Structures are given as C-alpha cells and as structure tokens.
Amino acid sequence: SPAQVADIIASGLPFPSVQHSSHLAAAADWPQARGIFVSQDRKSAVLVNECDHLCVVGLGDGGDVGGAFSRACKVLEAVHAALPSEEPFLVDTRLGYLTVHPKNLGTGMSIDLLAELTEADESFEKAAKEACVEVFPAAGYRRWLLHSAAGLGRTEVNQATEFIEACAQLL
C-alpha cells in the first residue's frame with residue numbers, strides 16, 4: 001500500500017522504483033514478481049527481483065558499517081538456510097557471484113555510507129579515490145554517499161573491512 005511504501009522509505013531502507021531499474025530494462029512487468037521483506041526493527045530488508053535477483057540490505061546507526069554488514073550477513077545466512085542445499089546462487093570461479101551490475105562482480109556486494117560533510121572539496125574527492133571509495137552528492141544539504149569499490153578478487157569480509165578503514169580515514 002502507499003502507506004507501507006512511505007513507512008519503508010522513512011525508515012531509510014531502499015524501496016525499488018521503476019526509475020531506478022528502467023535503465024537496465026529490468027522494469028518489465030513492474031511490479032509483478034517483485035517484493036521486499038522488511039525486518040520488524042526496520043534495520044534490514046531483502047529485495048527480490050528488483051535489479052538483481054536478491055538484494056540484502058543492512059542498516060547501521062551513526063556510520064556503524066560493521067554492524068550493518070553483520071546484520072546483512074545474518075539475513076543472508078537465513079536466506080541460505082531456507083533454500084535447497086544445492087548451490088543456491090550462480091557463482092563463477094573466476095568472476096564470483098554473477099550480477100546485473102558488472103562493477104559488483106566478485107562478492108556481488110556493494111557498501112554505501114550516507115554521510116553529512118561540512119565540505120567535500122577536490123582534496124576530499126582525491127583522497128576518496130585513492131582509498132578506492134566513490135563519492136556522490138546525495139539528496140539533502142551537505143549529504144554525500146560513499147560507495148565501496150568493486151569486490152572482484154576480494155572476500156566480503158575484506159571488502160567490508162577495507163571500506164570501513166577507508167571511511168575512518170576520510171571522515
């Protein structure tokens with residue numbers, strides 16, 4: 001319902017939208033065969049057939065990327081437990097998890113941190129690039145989205161740890 005969508009968005013969880021997916025022609029037959037499962041505490045969610053087949057989201061408070069990662073891992077473990085014992089996700093030995101977004105190859109994971117910065121000048125953006133963190137302006141005054149680098153050739157834990165360390169240096 002529209003009230004449920006507004007509640008999900010207000011909690012900070014991403015809500016699938018046709019605009020987000022349409023550039024990949026992934027919005028065919030929207031919203032059939034798609035869904036979102038949200039935890040009672042609104043700190044984690046699973047999006048089904050939005051852009052990729054599955055998107056696991058974990059939120060953290062006050063820049064707690066580690067807590068958000070841990071929360072997402074617990075959700076993913078529950079999904080694995082509910083699936084048949086055969087390999088539930090398509091994995092290539094060289095490319096890792098296969099995904100719609102080539103930049104997510106490897107771990108199939110991306111990590112975002114929404115930060116309020118008084119200033120994000122060229123030196124900040126240069127330091128972010130050197131730390132393999134992408135920086136994008138976000139909606140709202142002084143808000144920036146910090147995005148993890150690709151996970152190809154790394155484990156999920158390595159990718160999360162490197163991102164946490166890079167953000168600690170940058171912020």
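**Figure 1. Five helices and eight strands make up the secondary structure of the chain.** The model shown here and in the views that follow is predicted. Read along the sequence, the elements come in the order α-α-β-β-β-α-β-β-β-α-β-β-α. Of the 171 residues in the chain, 28% are buried. Among contacts with a separation of 6 or more, 49% are between residues 24 or more positions apart. The chain exposes about 10,700 Å², and 56% of that area is supplied by carbon and sulfur atoms.

**Figure 2. Asp-7 and Arg-42 are joined by a salt bridge between their side chains.** Here we look at one of the two salt bridges counted in the model. The N to O distance is 2.3 Å. Asp-7 has a relative accessible area of 37%, so it is partly exposed. Arg-42 is partly exposed too, because its relative accessibility is 27%.

**Figure 3. Arg-42 has a positive phi in the loop between S1 and S2.** Staying with Arg-42, this view turns to its backbone and its neighbours. The phi of Arg-42 is about 65°, although this residue is not a glycine. For context, most residues other than glycine have a negative phi. Leaving out residues up to four places away in sequence, Arg-42 touches Asp-7, Ser-11, Leu-13 and Leu-59. Leu-13 is 29 residues from Arg-42 in sequence, yet the two C-alpha atoms are 7.4 Å apart in space.

**Figure 4. Cys-132 is a residue with a positive phi in the loop between H4 and strand S7.** Its phi is about 60°, and Cys-132 is not a glycine. Strand S7 covers residues 133-137.

**Figure 5. Ser-44 is a buried residue of strand S2.** Why does Ser-44 count as buried? Its relative accessibility is 7%, and the cut-off for buried is under 20%. Which residues does Ser-44 touch, not counting those up to four places away in sequence? The list runs through Leu-13, Phe-37, Val-38, Ser-39, Val-57, Gly-58, Arg-71 and Val-75.

**Figure 6. Val-65 and Ile-164 meet across 99 residues of sequence.** Val-65 lies in helix H3, which spans residues 65-82. With a relative accessible area of 10%, Val-65 is buried. Its C-alpha is 6.5 Å from that of Ile-164. Besides touching Ile-164, Val-65 is in contact with Ile-111, Leu-113 and Phe-163, when residues up to four places away in sequence are not counted.

**Figure 7. Ser-70 is another residue to look for in helix H3.** Is Ser-70 buried or partly exposed? Ser-70 is partly exposed, because its relative accessible area is 32%. Gly-60 and Ser-70 are ten residues apart in sequence, and their C-alpha atoms are 9.5 Å apart in space.

**Figure 8. Arg-154 and Glu-162 form a salt bridge.** The closest N and O atoms of this pair are 3.0 Å apart. Glu-162 is partly exposed, as its relative accessibility is 38%. Arg-154 is partly exposed as well, with a relative accessible area of 24%.

**Figure 9. Four acidic side chains form a patch of negative charge on the surface.** Glu-119 is in the loop that runs between strand S6 (112-116) and helix H4 (122-130). Is Glu-119 buried or exposed? Glu-119 counts as exposed because its relative accessibility is 57%, and the cut-off for exposed is over 50%.

Conventions: Residues are numbered from 1 along each chain as its sequence is written. This is a predicted model: local features need pLDDT of at least 70, side-chain atom pairs count only at pLDDT 80 or more; totals for chains, interfaces and linings use all residues. Side-chain values use heavy atoms; hydrogens and water are left out. Patches are made of residues with over 30% relative accessible area and no salt bridge: like charges are joined within 9 Å, nonpolar side chains (Val, Leu, Ile, Met, Phe, Trp, Tyr) within 5 Å. Accessible areas come from the Shrake-Rupley method with a 1.4 Å probe; for residues, only the protein chains shown count as cover. Lys and Arg count as positive and Asp and Glu as negative; His and the chain ends are not counted. The place of a charge is taken as NZ of Lys, CZ of Arg, CG of Asp or CD of Glu. Helices (H or I, at least four residues) and strands (E, at least two) are DSSP runs, numbered from the N terminus. Buried means under 20% relative accessible area, exposed over 50%, partly exposed in between (1.4 Å probe, protein chains only). Contact means heavy atoms within 4.5 Å.
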